[in-house]
Amino acid sequence: QQPYEDKFVDRKRFLEQLIENANVKVFDYWECVRESAVVSQHLSIVVIYTMVFQRLWDGRLPLEGMLALDGVLFMWWILCLPKTVDRFSLENVFITARSISFFIVMLLLLSPVMHTLTRTYSNDTIWALAIFYLVIHILSIDYKYINGWSDQRHTGVMAVNAATFSSVLLASRLPSSLHAFSLLALSLLVFGLFPVLRRQLKIFTVKGFLAVTWILFAMALALLSSLKPIIPVSFTIIIVFIKVCYLVILPEGSGIRAVLDDDFL
């Protein structure tokens, strides 16, 4: 017979080998700021794109300037994209130039059709649909790929399609088919190819990635400053709010887990 009751509990040794939060990583606010830079960066890109459209639509940005912007980005992409492969060579440059040129030519040929695609729709409907699809783009883009957390290829197909459809809607309100082509080409370069370069930049240098984030954020604020003062202030608050959210809710599988101490809670 045992010398103690069945319900006996040794208070000194009870759960002494229990390990709490064994696989949890504790981190601070600034780590969240660094890891959430990809979201802030993409929001800034979307704002810059929409403000470029607004200036192209109301005539403050001339067509020649828009085409020059597309040309500069086109040449930059041709020179930078081949560096994302293991071996940089002139052959890779020519392959990249041929691939991008094919899509640019297709856009040029299809732009007259896309320019008149939604002529029967009212402006309010176009604005609402364009905003709706841009929100879908922001929510569905593969941030893990851009941030270098995933070794798989870019899987944000839905995000690219949403951005493309939103661009088609916006391009249909521009004065001419050439204006529509310039905006669609910018959409292809920014939403289709830029995520690949941003991923490589994050892998190569985190400081450079953060510097690009600050530059894009400053450009977005500069463009928003022409609107009502509440708009750039609201955009800044949204960016700061994203940092705070990373302390509480983070994408599953991101490799980071938020831990708040008991005093904070």
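Helices here are DSSP runs of H or I at least four residues long, numbered from the N terminus.

**View 1. The span 178–197 in the predicted model is helix from end to end.** Residues 178–197 come out as 100% helix and 0% strand, and their end C-alpha atoms sit 27 Å apart. The stretch is one of those that an unreviewed UniProt entry annotates as "transmembrane region".

**View 2. Residues 126–143, another annotated span.** Here the chain is 89% helix with 0% strand, and 27 Å separates the end C-alpha atoms. The UniProt record gives this span the "transmembrane region" label too, along with others including 61–81 and 204–224.

**View 3. Helix α2 alongside α8 (residues 177–204).** The two axes come within 11 Å and cross at roughly 170 degrees. An angle over 145 degrees counts as roughly antiparallel, so that is what α2 is to α8. On the α2 side, the touching residues include His42, Tyr49 and Phe53, while α8 brings in Leu186, Phe191 and Arg198 among others. Sort the contact residues by type and you get 12 nonpolar, five polar and one charged.

**View 4. The largest pocket, with α2 and α5 in its lining.** This pocket has a volume of about 590 Å³. Its lining is made up of 20 residues, and Val46, Val47, Thr50, Ile131 and Leu134 lie nearest the centre. The elements giving two or more residues to that lining are α2 (37–58) and α5 (123–140), with α2 giving the most, nine residues. What kinds of residue line the pocket? They split into 18 nonpolar, two polar and no charged. Look for Val46 in both this view and the previous one: it lies among the residues nearest the pocket centre, and Val46 is also part of the α2 contact with α8.

Definitions and conventions
Residues numbered from 1 in each chain as written. Predicted model: local features only at pLDDT ≥ 70, side-chain atom pairs only at ≥ 80, totals over all residues. Heavy atoms only, no water. 1 Å grid on protein atoms, 1.4 Å probe; cavity = no way out; pocket = protein on both sides within 12 Å on 5 of 7 lines; lining within 4 Å. Points joined across faces, edges and corners; volume = space filled by probe spheres on them. Nonpolar A, V, L, I, M, F, W, Y, C, P; charged D, E, K, R; others polar. UniProt positions renumbered as here; feature names shortened; annotations may be inferred. Axes fitted to C-alpha atoms, helices over the stretch in contact; angles between N-to-C directions. Parallel < 35°, antiparallel > 145°, perpendicular 65-115°, else oblique. Contact = heavy atoms within 4.5 Å.
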